[in-house]
Amino acid sequence: MDMWASLEHKLRYKTDINQELVDQYGSNLQEYSDELEEIETKMQKIYQHLNEDSEIKRA
């Protein structure tokens, strides 16, 4: 998270970097964010299924 925030801050607020690179890397970060969100959702589903299975076994 810290590295992500540092990259985002450097790209958006304190930059003398070529705008084309800022746009490219900003786009990359958005894609990575979308991928991480998808992974997080899948991991949550696994967690929920495991909890449901544990509850069924306890009943």
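Mentor: What follows takes the labels one at a time and sets each value against its definition.

Mentor: This is a predicted model, in which local features need pLDDT of at least 70 and side-chain atom pairs count only at pLDDT 80 or more, while totals for chains, interfaces and linings use all residues. Residues are numbered from 1 along each chain as its sequence is written, and side-chain values use heavy atoms, with hydrogens and water left out.

Trainee: How do you know that the end-to-end distance of helix α2 agrees with its number of residues?

Mentor: A helix here is a DSSP run of H or I with at least four residues, numbered from the N terminus, and its expected span is 1.5 Å times one less than its number of residues. For the 40 residues of α2 (residues 19-58) that gives 58 Å, and the end C-alpha atoms are 58 Å apart, so the two values agree.

Trainee: Why is G26 called buried?

Mentor: Buried means under 20% relative accessible area, exposed over 50%, and partly exposed in between, with a 1.4 Å probe and protein chains only. G26, which lies in helix α2, has 10% relative accessibility and therefore counts as buried. V22 and L29 are also buried in α2, and the buried residues of this helix pack against α1 (2-12).

Trainee: Which residues does G26 touch, leaving aside those up to four places away in sequence?

Mentor: With contact defined as heavy atoms within 4.5 Å, G26 touches L11 and R12.

Trainee: What makes M43 exposed or buried?

Mentor: M43, also placed in helix α2, has 53% relative accessibility and so counts as exposed. Together with L36 and I39, M43 forms a nonpolar patch on the surface, with about 300 Å² of accessible area together; such a patch joins nonpolar side chains (Val, Leu, Ile, Met, Phe, Trp, Tyr) within 5 Å, from residues with over 30% relative accessible area and no salt bridge.

Trainee: What makes the pairing of R12 with E8 a salt bridge?

Mentor: The term requires a side-chain nitrogen of Lys or Arg within 4 Å of a carboxyl oxygen of Asp or Glu, and the closest N and O atoms of R12 and E8 are 3.0 Å apart. Both residues lie in helix α1, four residues apart, about one turn of the helix. R12, at 40% relative accessibility, counts as partly exposed, and so does E8 at 26%.

Trainee: How many salt bridges does the structure hold?

Mentor: The structure holds two, and E38 forms one with K42, their closest N and O atoms being 3.2 Å apart.

How values were computed:
Helix = DSSP H or I, 4+ residues; strand = E, 2+ residues; numbered from the N terminus. Patch = residues over 30% accessible without salt bridge, like charges linked within 9 Å, V, L, I, M, F, W, Y side chains within 5 Å. Areas by Shrake-Rupley, 256 points an atom, 1.4 Å probe, with all protein chains shown as cover.
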